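Biologist: I have the model open here. Can we walk through it together?

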Amino acid sequence: MENLSFHDGNIFNLLHTRSQDPSHEVDQRMQLHSSLIRRLSQEQELEGHQGCVNSLAWNSNGSLLISGSDDLRINIWNYSSRTLLHSIDTGHTANIFCTKFVPETSDELVVSGAGDAEVRLFNLSHLSGRAEDDNAIAPSALYQCHTRRVKKLAVEPGNPNVVWSASEDGTLRQHDFRESTSCPPAGTAHQECRSVLLDLRSGAKRALADPPKQILSLKSCDISATRPHLLLVGGSDAFARLYDRRMLPPLTSSRKRMPPPPCVNYFCPMHLSDRGRTNLHLTHVTFSPNGEEVLLSYSGEHVYLMNVNNGTGIMQYTPGDVDNLFSFSNNLHDVESPPQVSTNPQNGFHRNCNAATVKKCTELVEIAKRSLEEGTDVFYAIEAANEVLDAHSNDIESALRHECLCTRAALLLKRKWKNDAHMAVRDCHNARKIDASSFKAHYYMSEALQQLGRCKEALDFANAAQHLNPSDADIVAKVESIKRDLQAAGSEKNEETGAGTTRVLSLSDILYRSEANSDSSHDMSRSEREDSDYDEELELDIQTSLSDDEGRDPESNAMRGSLNLRIHRVGDDDKPMENTVDNASSGTASSSQNDRTSYQPEGAIDMKRRYVGHCNVGTDIKQASFLGQRGEYIASGSDDGRWFIWEKQTGRLMKVLVGDEAVLNCIQCHPFDSVVATSGIDNTIKIWSPTASVPSIVAGGSAGPATANVVEVMESNQQKISRNRENPLSVELMQRFRMQEFAEGNFHPFECTQS
């Protein structure tokens, strides 16, 4: 794969074109050309903060960089000299999570949001004429209307009067500097701060089929640069939401909780749309530079690309489509019919079968098949298949595309990274569309469904594959294997039924229900909560019954045992609410069933590409960004201190760089130059530019992991993600307890690894 060219053209040809006919488009294409990305290396380290750097943003012309930190300061950096201009003592009392330059203000106005639930506006001109160490200035505007941490700010290009803030209290607020420069703290008597643009305190969905009910703790928001009426938000569930600000109701106060307004679109990969009992949530959402795509980064998951408009080739699905993807819908006659490999153009595209392209794709498919047979270089074999299917799908005949789909599905099932089995299901589904009698498509579909624990559906496909090729020994063994799994599952279910075992509530179930019953308390001010019985205490009795040979998964190294929970409210005479929880279970289940019956769920836009290799578990401020003015490359930070760059079109990994000693969170590309700024748990900001003498997947072949070890790095990251998936209890507890600490005013400014 090292010798395979990228899709942005030859840089020497671009230079020649620019010399003959200078244009802005050529400059955009050259800003972060693949040949420059492959030479990225750390140019400089900016020192000036005393805590984790949680936020980075450039001004509109790229002359200044702003950063916010756990040290409660905003720093302003000069780009040309790479020096610190100002370090502002903001007056925040908790970690700063977001900072922005306010547009069209000559870069004099900057805004910050923090864990103290405040949004502060500063005028940098107030620093002129002061001594270097005299950097405490009063905010020009102070907004205290949020009740939980402010995680993200958004500004509209060309608008110097308004800033939007997204908070974990479930609201997105619009602050207009022309109307007010302050507001009283949330919950203050007679407070009527009418700044709520989105009230999502009853907006979270556990699954696409469920009605929105719980608090959607907002983690991220963005405004489209090309269509600024479009607003994108993401938070504590799996669904990003797109709103048209022109269609939203007037601003309101937060005194009365409002039903969530209808959104233009939900965005969520189909395989993540029905996972309400996990700690899955978004950490970052953003528009592409042209506003036609969105990028979603999930905690404990991967990065996904989606189209904004539900146009040609974009799949908008409903809850019913999720189950249909796994079902065997063709009858036996269809399966036994001869293969029908279409050679007609699909999706309205004219198939231009260029001989050189077909030859290259054929060779790539052969490389992938050889890796599958030998069991080696699986990651690069999948990239070879991606190149064929994502870059040249419309340039090759259906027979070759079918072969590549089946081969990639088999490779994904062999690699077994998180959700690889779901991706294999998609490939097999598409392969069956091409050839309804494909043995490979049915065989690998049965393997994928078995890996997903859907043994009943897996058996349907396995039986179909056996009818197609009765003499194949592998499918005979597969059918028997699935039958054994079904029998084991049935026996286990019968044992539980015979023992009178009731369904064990997960921590997510309990916390979810608890949140539903605390709507009014959430709207109280901090002082009101302290005077009430709002504070609750979780008491966990953890009992494990593990012998030396039982309860441990040797591959995942995860402990498996029983978990008993007792929950009681402080002041309730220390009487455990064990019976209350059980009774609530049946009531809530009945209520939930009624809600599902009456609720008409909306559709959601599915993914069109996935980017893998990094790890996003430790922090909920981790960004995924488009690089360059054309957004042709995708970058994300990682819990291993590295940052990853992929080609957007194919998902091919282009670069892996070490940028932090612990966790790298923030990635911001310069507006025009071939420069990227990154930050994380370290107290410093790293500046990256294409200064390496040798192009490489790592930093010039010297810094970071050796090229041969890149796959090992990604394997390690996948194991971390899988451990988080298999044992989400500690992460979920930590997040909820940290939110409780915030509500009580117990901040920990320098504990940023779980921000």
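**Strand pairing and selected residues**

Modeller: In S31, Ala635 has Ile645 as its bridge partner. Strands here are DSSP runs (E, at least two residues; helices are H or I, at least four), numbered from the N terminus.

Biologist: What kind of model is this, and how are residues numbered?

Modeller: This is a predicted model: local features need pLDDT of at least 70, side-chain atom pairs count only at pLDDT 80 or more, and totals for chains, interfaces and linings use all residues. Residues are numbered from 1 along each chain as its sequence is written, and side-chain values use heavy atoms, with hydrogens and water left out.

Biologist: Back to that pair. Which way do S30 and S31 run, and how many bridges join them?

Modeller: Strand S30 (residues 633-637) and strand S31 (residues 642-647) run antiparallel, joined by five bridges. Two strands pair if DSSP finds at least two bridges between them. Ser636 is another residue with a partner in S31, namely Phe644.

Biologist: What is the strand order in the whole sheet?

Modeller: S29-S30-S31-S32, four strands in an open sheet with antiparallel pairing. The edges are strand S29 (624-627) and strand S32 (653-658), each of which pairs on one side only. On average, neighbouring strands of this sheet are turned by 20° against each other, direction ignored. That angle is between axes fitted as lines to C-alpha atoms, for helices over the stretch in contact; angles run from 0 to 180 degrees between N-to-C directions.

Biologist: Why is S31 largely enclosed?

Modeller: Because six of the six residues of S31 are buried. Buried means under 20% relative accessible area, exposed over 50%, and partly exposed in between (1.4 Å probe, protein chains only). Arg642, Phe644 and Trp646 point one way from S31, with Trp643, Ile645 and Glu647 pointing the other way.

Biologist: Different topic. Where is Thr286, and what does it touch?

Modeller: Thr286 is in strand S19 (residues 281-287) and is buried at a relative accessible area of 13%. Not counting residues up to four places away in sequence, Thr286 touches Asp222, Leu232, Glu293, Val294, Leu295, Ala624 and Phe626; contact means heavy atoms within 4.5 Å.

Biologist: How far is Thr286 from Asp222?

Modeller: They are 64 residues apart in sequence and 5.6 Å apart in space, C-alpha to C-alpha. Their side chains make a polar contact of 3.2 Å. A polar contact is a pair of N or O atoms within 3.5 Å; within protein, one must be able to donate a hydrogen and the other to accept it, and residues adjacent in sequence count only if both atoms are side-chain atoms.

Biologist: Is Asp176 buried or exposed?

Modeller: Asp176 counts as buried, at 10% relative accessibility. Asp176 lies in strand S12 (residues 171-176), and a polar contact of 2.8 Å joins its side chain to that of Arg178.
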